[in-house]
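Welcome! Please take a moment to look over the sequence and the 3D view below before reading on.

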Amino acid sequence: YSNTRGKATALLLVAQAIFLVLFGLFVDYDVSAGPRNSSLSTHSTLAHYYPMYQDVHVMMVIGFGFLMTFLKRHGFGSVGFNFLLTCFVIQWSILVNDFSFTYRLTITIWLTECSYSLLEADFAVATVLISFGAVLGVVSPVQLIMMATIEVVCYNISIYVGIVQFQATDIGGSMFIHAFGAYFGLAVARVLYKKSQTNSRKEGSEYHSDIFAMIGTLFLWLYWPSFNAAPGNGTERHRAVINTVLSLAACTVVTFALSAVTDKKNKLDMVHIQNATLAGGVAMGASADLLVQPFGALLIGSSAAVVSTLGFRYLQPLLQRTIKLHDTCGVHNLHGMPGVLGAVISAIIAAVANKAAYQDSYHELFKNTLRTPGQNGGFQIAALVVVLAIAISTGTITGLLLKLQVWDNLTAVELFEDEVFWEV
Amino acid sequence: YSNTRGKATALLLVAQAIFLVLFGLFVDYDVSAGPRNSSLSTHSTLAHYYPMYQDVHVMMVIGFGFLMTFLKRHGFGSVGFNFLLTCFVIQWSILVNDFSFTYRLTITIWLTECSYSLLEADFAVATVLISFGAVLGVVSPVQLIMMATIEVVCYNISIYVGIVQFQATDIGGSMFIHAFGAYFGLAVARVLYKKSQTNSRKEGSEYHSDIFAMIGTLFLWLYWPSFNAAPGNGTERHRAVINTVLSLAACTVVTFALSAVTDKKNKLDMVHIQNATLAGGVAMGASADLLVQPFGALLIGSSAAVVSTLGFRYLQPLLQRTIKLHDTCGVHNLHGMPGVLGAVISAIIAAVANKAAYQDSYHELFKNTLRTPGQNGGFQIAALVVVLAIAISTGTITGLLLKLQVWDNLTAVELFEDEVFWEV
Amino acid sequence: YSNTRGKATALLLVAQAIFLVLFGLFVDYDVSAGPRNSSLSTHSTLAHYYPMYQDVHVMMVIGFGFLMTFLKRHGFGSVGFNFLLTCFVIQWSILVNDFSFTYRLTITIWLTECSYSLLEADFAVATVLISFGAVLGVVSPVQLIMMATIEVVCYNISIYVGIVQFQATDIGGSMFIHAFGAYFGLAVARVLYKKSQTNSRKEGSEYHSDIFAMIGTLFLWLYWPSFNAAPGNGTERHRAVINTVLSLAACTVVTFALSAVTDKKNKLDMVHIQNATLAGGVAMGASADLLVQPFGALLIGSSAAVVSTLGFRYLQPLLQRTIKLHDTCGVHNLHGMPGVLGAVISAIIAAVANKAAYQDSYHELFKNTLRTPGQNGGFQIAALVVVLAIAISTGTITGLLLKLQVWDNLTAVELFEDEVFWEV
């Protein structure tokens, strides 16, 4: 029986105790949340970030959580473990997101150069929840917590190389959040693969579980513009909102079109409507604040829908048959390929960027003042390669670790089933 | 069999291609979302509009979408086609909302004199979704897309006459959104009426579908103050929030009172709680930013509850029996009559407005500086008449077009049934 | 048969008529929502409060409403009567929240010294909804309306003594909202107790009702930082957000740990995940804007999880057996004990407060300039004692009143059952 008494509890309590100690030693409020000092004006900063932060927060626990409730006998585990992972990673990533322990960390609600924050924590949460989707229903809570603990570290390494060293641009995380989370999770899933996963009768939806899942889809769709725009400033922030709204709208229309026509009875598939409609948000991420123009946003969203819907329809079953890749939520189609697409698009936009057209914001967006646009495009691709390399390699190692038979590993009959871990 | 292969797909793909071309030719970012220029300060504008815009956005896809899931075998179609229509109309209405193609359109998140916007697009979406409610479960996706395409144009004609020419005031769209959407949809529904609609056993709710519908109701109720206030400015905007909160609160209390007492076993009817509780938002719309006083807001909400609840209980079955008007969601009771009520109230408030009491905002609200208050009241009524005339006439024509047997029209057994268009 | 014709309707209509008259006599818009006057700048105030107000509003009708839908045959009553109570109390508490009728009331969206507001109204709503949780499924709508009417008055008395006279600090309402609402409701529940309540087969959840309840849980969890921060200003407001996010994250992790380990099969209990995860918000309330430090917030959340989870697991059944306290939603574990814990923590933090550390905000938080920190701590405890004394005494009296057999009182078979008051 998988659910051995107390292992998850012990792990969580030890981790929470460690968080307490580390926060006590290293973490303080940022000046904007510290003692009031009338010589500082910090009030407008909260107003600037808070509404978008809350939107992103909703995406984490309602969006991801309910999207995964499509499984007919795994609703508690989907929404519940999603909630647990969010709360675990918020704390862990506040600590890990800043590499240097030479100075005290400070918590604010936003991103600044050296004080990472609640918003940044939610981005780490998103990465982990994407990986969770790849192994939904086939791992135990103990395995999830182990995975999250490791993944947050690897996620930060990838950001260190790609953002700090390569100075790539990726406001919405097409590469560093979506592609990373997807390929890390897929590597874990591949290593953990067992034949019994692929013909479980429990792996499927029922009528009402599909409607619950739509709650998740729609809140993700609605608040995605905040996800892609929250770290931005000035007119770029407004542009990121507009681009993301347009991309998602076009993506949804094209997804409906392709879902029907690729079915032999011409019927729509809820899996596509729940997932592929969101690919426009993923693919728009890396260039949301760039001058792609409104028609460019529509084109990006439409392309993402094609990649994602066809991925769900044709590629996913193929990968499962051929390379034994079982991907419960199809994160390869929603986050993996659209993330790569977003990275490639951002490289093209960066390479053709006209400095004059960007006016005062060119070096806000492309920070390295010594590079040509073409070089900037090259570094976007280099960052993508690094992200994929780190995600797949560290994901594989994590998977091997999780395969050890000491983490409440599930047996065949326990897959996709709430009764193992929940009183039902 | 209705769902002929590929018709909806072809229509959507052609439309999306046309949107791409037209956006490429005509649409650009507004200066507030364009290249950053340190001589312009646009940052606060996003902060000003974005939270209310997001609330309105939630009303469209969660609010309308889930409200319609009350049908026991049409949950996918309700929330799914609502989602598709939203995404289709966002794009189409950005193009149509501005009549003149002589200059390039610009997209911003807000309303200004000559650059229509994402917020305005959502108002067009709302109008179409109201009409959708009148024909829910009795039309195919192809018919819905055709209807939406035509309706957005007619909606703009009505705004051109009522707002641009008559200079009527209607911040929350009692007339131009709610009454227009309802009577347009009802005209379509009347023309499409078939006897088989009225005794389908599938047209009904079940226990859990009624709870899903409450998700829609409550998000509509919660964010309605943003809907009525978003286009406003200054103290009028705050007043619109307060008036709408009060009107909705009173409306809900009176709806509970009347729902019980009009039932012969004195039981509450979920249809009323899901719908009539919102009539206070509709009726408050046209005068939300006027000085109706707090008790006036309570009175307007209470009156709307009376009209709407009695409409659901007595008028709707009567209209179905006598003039063969089948109205799936009862939009006549929630949007039609309360919209007319709101228009009449706004005419009265405008006619008795005391210029001095409004201080600096009188001509912000009543733009024509040559008119007396009485004349302003008259033009409110004139605008209402125009809205109803355009809605009913163009809705009827649209219905006749949709009756042609080329749009995947549904047969009797296919009504209110997801299996026709969805893999279940 | 309990549902006697028209009693609830009559009560609601009379109340609504009284609200109309009293609003007409006494209530006006605040200057920030009145006629625009270019010499006043009020625009930013709406921006400052509105997003957090809307979050709090969502907590009331979606959060509380859906949290209570866990009962398998009481979904309509849970979400429906929660909605009715919200709308009733918004109006009633706007009137009652200001004691003095010597000047006209003014409505704004925020809290100021003498004009109470929509936000304050929602705090009164929260208090009543907490009490509702204690008697969920065992009272009629008539009893609920009577209870709410009385409770709003008693709630204000407790605030008058604790906030106005004792000058206690409690930004998030640990004492005045959570502890008050819980102990008032528990006193009512104790008086109304009947043996038949404790072995009703209808008092339980089913698979999908537990997932509906998670919608409520998650929106409460997400928007709790707004609840605790909305009345704040300056850096304290930002700090309240950060503290509440951290407290809730730690609370959730510890709740998962303890829920599993206290079960003999080591399975998680949805009751704990739905409720005890929120105790961190309750316990953080009274010191959310104080300098508890990030690790302090984690510690408070962790402690709240211990108290709440063990309360659900061990204390609640014990109290039911021994003192016949039937608490349908376990409000004692979620609001009662964590509220008391929050009060005690705030007393400690106040007593050890270092004036210098708070810089310019010390007397914003601790208003009485004549007291020592130790005395401030003492007054926090004094306020808690007053809150408990008023809640329990007035709750008991209210319970005795509601026991009179004239309020559609429920019989044994009608408990936890929608069919009594709803067409199903």
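This is a predicted model: local features need pLDDT of at least 70, side-chain atom pairs count only at pLDDT 80 or more; totals for chains, interfaces and linings use all residues.

In it, 66 residues of chain A are in contact with 69 residues of chain B.

**Helix 1 of chain B**

- Helix 1 of chain B covers residues 7-26, and at 1.5 Å a residue its 20 residues should span 28 Å; the end C-alpha atoms are 28 Å apart, which agrees.
- Its buried residues are B:Ala8, B:Thr9, B:Leu12, B:Ala15, B:Gln16, B:Phe19, B:Leu20 and B:Phe23.
- Looking down the axis of helix 1 of chain B, you will find these buried residues within an arc of 145°, so they line one face of the helix.
- An α-helix has 3.6 residues a turn, so residues three or four places apart point the same way.
- On the face of helix 1 of chain B turned away from the buried side sit the exposed residues B:Val21 and B:Leu25.

**The area between the chains**

- About 5,800 Å² is buried between chain A and chain B, and carbon and sulfur atoms give 70% of that area.
- A:Tyr207, A:His238 and A:Val253 supply 12% of the area that chain A buries against chain B, more than any other three residues.

**Pairings across the interface**

- Three salt bridges are counted between chain A and chain B.
- A salt bridge joins the side chains of B:Glu423 and A:Arg313, at 3.7 Å from N to O.
- There are also 20 residue pairs in polar contact between chain A and chain B.
- Helix 8 of chain A gives the largest share of the side of chain A that touches chain B, with 20 residues.

Key
Residues are numbered from 1 along each chain as its sequence is written. Chains are lettered from A and ligands numbered from 1 in the order in which they are written. Side-chain values use heavy atoms; hydrogens and water are left out. Helices (H or I, at least four residues) and strands (E, at least two) are DSSP runs, numbered from the N terminus. The expected span of a helix is 1.5 Å times one less than its number of residues. Buried means under 20% relative accessible area, exposed over 50%, partly exposed in between (1.4 Å probe, protein chains only). The arc is that of the directions from the helix axis to the C-beta atoms. Contact means heavy atoms within 4.5 Å. Buried area is the accessible area (1.4 Å probe) that two parts lose on being put together, summed over both. A salt bridge is a side-chain nitrogen of Lys or Arg within 4 Å of a carboxyl oxygen of Asp or Glu. A polar contact is a pair of N or O atoms within 3.5 Å; within protein, one must be able to donate a hydrogen and the other to accept it, and residues adjacent in sequence count only if both atoms are side-chain atoms.
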